[in-house]
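Notebook open, model loaded. I'm jotting down what I look up as I go.

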Amino acid sequence: MSERVVELVALVGSLREASINRQLAQLAADRAPAGVHVTVVDYLGDLPFYSEDLDPGSAPDVDLDAGVARLRGVVGSADGVLVVTPEYNGTIPAALKNAIDWLSRPYGNGALQGKPVGVIGAALGRYAGTWSREDTRKSVGIAGGRVIEEVDFGLQTSALGENGLADAAIVEPLVAAVARLATEVAVSV
Ligand SMILES: Cc1cc2nc3c(=O)[nH]c(=O)nc-3n(C[C@H](O)[C@H](O)[C@H](O)COP(=O)(O)O)c2cc1C
């Protein structure tokens, strides 16, 4: 029996160039525990809005959008998914919800099916995006993912100190969240 690297995919819910969530996802990748590799997916804004007319699962004559095919491939071959998202108007940003919709199909056999998923994120408000994380878990679960409730970290961006994301109070729970998610993955091959 040899141990293999656990492959996680981090889906970033913000499209903003200087996104704190994007930085958080990158930090999760940079500080991933030994034996864990995190690939950051930050191109959710390139996907078309989900429509069954664009999905070969329901419209066999259409070609699947290349970005969607790439996303489905990356998520489908990963061992687990870490969603890193802000909160927009009390819920999931549209780009992230759209990605979940694409990943939920084909119904019962989408790329998220049975996949361990953890949800963390950064938001401005004092609840640090709790509603968004809760709604993301609900949606991911309905989409077929296996939500790991214990993976939870919310960063209140308005309370960021002078060390920014380098603060141990951020790095430690972030690394712990990644490590917790990785324990859900069978590590022996
Ligand atoms: C359209 C919009 C809606 C927002 N709604 C919320 C909200 O409901 N709760 C909250 O805490 N922050 C809210 N914010 C602030 C974001 O949490 C903040 O801008 C965050 O840094 C965005 O993440 P990013 O830095 O990764 O882009 C909102 C921001 C935008 C642009």
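I began in the sheet, where β3 (residues 80-84) and β4 run parallel and are joined by four bridges. Helices (H or I, at least four residues) and strands (E, at least two) are DSSP runs here, numbered from the N terminus. In that pairing, L82 sits opposite G118 of β4.

A note on the source: this is a predicted model, where local features need pLDDT of at least 70, side-chain atom pairs count only at pLDDT 80 or more, and totals for chains, interfaces and linings use all residues. Residues are numbered from 1 along each chain as its sequence is written.

**Sheet**

What is the order of the five strands in the open sheet? I read it as β2-β1-β3-β4-β5, with parallel pairing. I'm counting two strands as paired if DSSP finds at least two bridges between them. β2 (36-41) and β5 (146-156) are at the edges with a single partner strand each, so one side of each has no neighbour in the sheet. From one strand to the next, the twist averages 20°. For angles, axes are lines fitted to C-alpha atoms (for helices, over the stretch in contact), and the angle runs from 0 to 180 degrees between N-to-C directions.

**Helices on the sheet**

I then looked up which helices lie across the strands. Helix α4 (residues 130-142) lies across β3, β4 and β5, at about 160° to β4. Helix α5 (residues 168-183) lies across β1 (6-12), β2, β3, β4 and β5, and runs at about 170° to β5.

**Helix on helix**

Two packed helices are described by the angle between their axes and the distance between the axes. For α1 and α5 I get an angle of about 70°, with the axes 10 Å apart. That makes α1 roughly perpendicular to α5; the label covers 65 to 115 degrees, while under 35 is roughly parallel, over 145 roughly antiparallel and the rest oblique. The crossing of α1 past α5 is right-handed, meaning that the near helix is turned clockwise from the far one by less than a right angle, with anticlockwise being left-handed.

Which residues make this contact? I find L24, L27 and A28 on α1, and V171, L174 and V178 on α5. I call two residues in contact if their C-beta atoms, placed from the backbone, lie within 7 Å. By class, the α1 contact with α5 has six nonpolar, no polar and no charged residues. In this scheme Ala, Val, Leu, Ile, Met, Phe, Trp, Tyr, Cys and Pro are nonpolar, Asp, Glu, Lys and Arg charged, and the others, Gly among them, polar.

Helix α2 (residues 66-76) packs on helix α3 (residues 94-103) at about 75°, axes 10 Å apart. So α2 is roughly perpendicular to α3. V68, L71, R72 and V75 of α2 meet A99, W102 and L103 of α3. That contact has six nonpolar, no polar and one charged residues.

**Ligand**

Next, the shell around the ligand. I count 17 residues there, with S14, S19, N21, P86 and G125 coming nearest; near means a C-beta atom, placed from the backbone, within 6 Å. α1 (20-30) and β4 (116-123) are the elements that give two or more residues to the shell. α1 gives the most, with three residues. By class, the shell has six nonpolar, eight polar and three charged residues.

The R105 to P106 peptide bond is cis, omega near 0°, and I find P106 in the loop between α3 and β4. N89 isn't a glycine, yet its phi is positive at about 50°. I place N89 in the loop between β3 and α3.
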